[in-house]
Amino acid sequence: MTEETARASAHDDSTVTLRIPAQRRYVTAIRALARSAATLCELTVDDIEDLQMAVDEAATLLLPLVDAGNDGHLSATFVVQADGLLVSVSAQRATGSLPDRSGLAWIMLSALAEDLDVVDDSSTVGIRFSRRRQVISS
Amino acid sequence: MTTFEVSAAPGEADSWVLTIVGDVDLATAPEVLDAGNDVFAKAEPSRLVLELSGVTFIDSTGLGALVQLRNLTQERGIALLLSSPSRSVSRAMSLAGLADVFGLSEDTDGAGTS
């Protein structure tokens with residue numbers, strides 16, 4: 001696998017966004033998109049599974065902060081780059097709370113994500129991270 | 001959408017087997033716990049076996065359900081055994097620091113016989 005074979009270059013980032021109702025049963029759709037996006041930038045099978053777990057945990061952390069009964073939704077954005085993905089999962093917040101960093105979901109997300117960051121402004125709460133393609137040694 | 005199924009059946013000797021197939025996430029994890037509670041309501045096995053070879057994905061919520069099942073079996077003096085954990089299960093437990101709790105060694109991805 002070489003830089004030349006990468007289907008997206010650093011100068012040609014491609015962005016895919018999915019918006020789902022803020023309900024548990026729709027989180028599987030974000031995982032499915034994560035798998036597709038990861039395939040586009042040629043992540044390894046192990047990396048793809050880790051990415052799916054990371055976006056799942058991000059959604060798990062954000063769902064309690066969203067008002068599901070009032071058209072609440074989660075948005076997941078994947079920026080496909082030459083060497084990996086930038087991921088953002090965000091929601092219009094219903095409370096002033098931030099993602100719970102004391103539980104298992106955060107522990108797992110921290111172990112899986114690079115450049116992990118919480119986005120916090122007046123109307124939106126989100127989690128951003130990246131996942132880079134591993135250099136495969138032969 | 002991934003198919004998810006959990007089923008309970010009497011196993012060998014004095015055991016019950018919970019077979020879990022598909023993605024165990026925040027949507028389906030409660031069903032795992034419900035299935036365990038159903039077993040405890042109708043039987044008093046000496047051993048509960050979780051058959052996990054068909055688990056295609058598990059997250060922190062799913063792991064939480066397994067931890068709750070483990071606590072419930074301990075309260076009842078029931079032995080809990082993980083059978084053929086899939087690679088997803090082994091990976092998630094390793095990340096969560098739960099591999100030792102469930103008797104899985106860190107380097108046994110896809111451990112167990114199929």
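## Contacts and the model

Contact here means heavy atoms within 4.5 Å. The structure is a predicted model. Its scores are ipTM 0.87 and pTM 0.88.

## One side of a helix in chain A

Start with helix α3 of chain A, residues 104–112. Five names matter here: Ala105(A), Trp106(A), Met108(A), Leu109(A) and Leu112(A) are buried. They span an arc of only 165 degrees around the axis, so they lie on the same side of α3(A).

What do the buried residues of α3(A) pack against? Within chain A, the partners are α2, β4 (114–120) and β5 (124–132). From chain B, α2 and α3 join them.

The crossing of α2(A) and α3(B) is right-handed.

Which residues make the contact? On α2(A) they are Val45(A), Asp46(A), Glu49(A), Asp50(A) and Met53(A). On α3(B) they are Arg87(B), Ser88(B), Arg91(B), Ala92(B) and Leu95(B). By class, this contact has 5 charged, 4 nonpolar and 1 polar residues.

## How each chain is built

Chain A has 3 helices and 5 strands. Along the sequence, its pattern reads β-α-α-β-β-α-β-β. Chain A has 138 residues, and 49% of them count as buried. Take the contacts in chain A between residues at least 6 apart in sequence: 69% join residues at least 24 apart.

Chain B has 3 helices and 4 strands. Its elements follow the pattern β-β-α-β-α-β-α. Of its 114 residues, 48% are buried. For contacts in chain B between residues at least 6 apart in sequence, 67% join residues at least 24 apart.

Gly36(B) sits in helix α1 of chain B, residues 29–42. Is Gly36(B) buried or exposed? Gly36(B) counts as buried because its relative accessibility is 0%, and the cut-off for buried is under 20%. Leaving out residues up to four places away in sequence, Gly36(B) touches Leu18(B) and Leu69(B). Gln68(B) is 32 residues from Gly36(B) along the chain, and their C-alpha atoms are separated by 9.7 Å.

Gly62(B) belongs to helix α2 of chain B, residues 60–75. Gly62(B) has 0% relative accessibility and therefore counts as buried. Beyond its neighbours within four places in sequence, Gly62(B) is in contact with Val24(B) and Ala29(B). Val24(B) lies 38 residues away along the chain, yet the C-alpha atoms of Gly62(B) and Val24(B) are separated by 5.2 Å.

## Confidence in chain B

Chain B has a mean pLDDT of 91. In this chain, 89% of residues reach 70 or more.

Where does pLDDT stay under 50 in chain B? That stretch is residues 107–114. For these residues, the model has 12 contacts beyond four places in sequence. Where pLDDT is low, the predicted coordinates should not be read in detail.

How values were computed. Residues numbered from 1 in each chain as written. Chains lettered and ligands numbered in written order. Predicted model: local features only at pLDDT ≥ 70, side-chain atom pairs only at ≥ 80, totals over all residues. Heavy atoms only, no water. Helix = DSSP H or I, 4+ residues; strand = E, 2+ residues; numbered from the N terminus. Buried < 20%, exposed > 50% of the residue type's maximum accessible area, 1.4 Å probe, protein only. Left-handed = near helix turned anticlockwise from the far one by under 90°. Nonpolar A, V, L, I, M, F, W, Y, C, P; charged D, E, K, R; others polar. Arc of directions from axis to C-beta. pLDDT = per-residue confidence, 0-100.
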